[in-house]
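Please look at the structure on the screen while I take you through a few of its residues.

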Amino acid sequence: GNLHVGGHLYLANNQLSSLPESFGNLHVGGDLYLHCNQLSSLPESFGNLHVGGHLYLANNQLSSLPESFGNLRVGGNLSLRSNQLSSLPESFGNLHVGGTLSLQNNQR
């Protein structure tokens, strides 16, 4: 089934290096905290994710984003700062972010 979290989902400050392909089936009504992990990539399904609040992906090891990322819908802020991104997928222009999009301090 599809997991629905009405409030916030805290997965920050762990040692997560990957997320399952089914992660994109998640629906989070509040904020999704994935910052300060060791994620180097995201599953292709990530673009199916629905986050009603903020999505924090800062301070990981992300060097690329899946092509589906442009399908992502974030009601609040999206933070991708302090990763290792050197390019963005073509679909990035379709991204819907209701608040601030942060991409600073990315490097390869």
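Which residues does Asn60 touch, not counting residues up to four places away in sequence? Before I answer, please note that this is a predicted model. Asn60 touches Leu34, His35, Cys36, Asn37, Gln38 and Leu39, and also Ser82 and Asn83.

Where does this asparagine sit? Asn60 belongs to the loop between strand 6 and strand 7. Its relative accessibility is 3%, so Asn60 counts as buried, the limit for that word being under 20%. Two polar contacts of its side chain deserve attention. One runs to the backbone nitrogen of Asn37, at 3.2 Å. In the other, a polar atom of the Asn60 side chain lies 3.1 Å from the backbone nitrogen of Leu39.

Ser68 is also found in the loop between strand 6 and strand 7. Is Ser68 buried or exposed? Ser68 is buried, because its relative accessible area is 9%. Setting aside neighbours within four places in sequence, Ser68 is in contact with Glu44, Ser45, Phe46, Gly47 and Ser91.

Let us turn to Pro43, which lies in the loop between strand 4, residues 32-33, and strand 5, residues 50-51. Pro43 has a relative accessibility of 8% and therefore counts as buried. Its contacts, leaving aside neighbours within four places in sequence, are Leu19, Pro20, Glu21, Phe23 and Pro66. As for Arg81, the C-alpha atoms of Pro43 and Arg81 are 19 Å apart in space, and these residues are 38 apart in sequence.

My next topic is the nonpolar core. The largest one has 25 residues, and the members that touch the most others are Leu42, Phe46, Leu55, Leu57, Phe69 and Leu80. Let us follow Phe69. Beyond its neighbours within four places in sequence, Phe69 is in contact with Leu42, Phe46, Gly47, Leu57, Leu78, Leu80, Pro89, Ser91, Phe92 and Leu95. Phe69 also belongs to an aromatic cluster, together with Phe23, Phe46 and Phe92.

How many aromatic pairs does a search of the whole structure find? The search finds five. One of them is formed by Tyr10 and Tyr33, a stacked pair with 4.6 Å centre to centre and 5° between the planes. Because Tyr10 lies in strand 2 and Tyr33 in strand 4, this pair ties together parts that are 23 residues apart in sequence. The two partners can be set side by side: Tyr10 counts as exposed at 56% relative accessibility, whereas Tyr33 is buried at 16%.

Asn60 is buried, and its side chain reaches the backbone nitrogen of Asn37. Thank you for your attention.

Technical notes
Residues are numbered from 1 along each chain as its sequence is written. This is a predicted model: local features need pLDDT of at least 70, side-chain atom pairs count only at pLDDT 80 or more; totals for chains, interfaces and linings use all residues. Side-chain values use heavy atoms; hydrogens and water are left out. A nonpolar core is a set of buried Ala, Val, Leu, Ile, Met, Phe, Trp, Tyr and Cys residues joined through side-chain atoms within 4.5 Å. Buried means under 20% relative accessible area, exposed over 50%, partly exposed in between (1.4 Å probe, protein chains only). Contact means heavy atoms within 4.5 Å. Helices (H or I, at least four residues) and strands (E, at least two) are DSSP runs, numbered from the N terminus. Rings of Phe, Tyr and Trp (its six-membered ring) pair if their centres lie within 6.5 Å; planes under 30 degrees apart count as stacked, over 60 as edge-to-face and the rest as tilted. A polar contact is a pair of N or O atoms within 3.5 Å; within protein, one must be able to donate a hydrogen and the other to accept it, and residues adjacent in sequence count only if both atoms are side-chain atoms.
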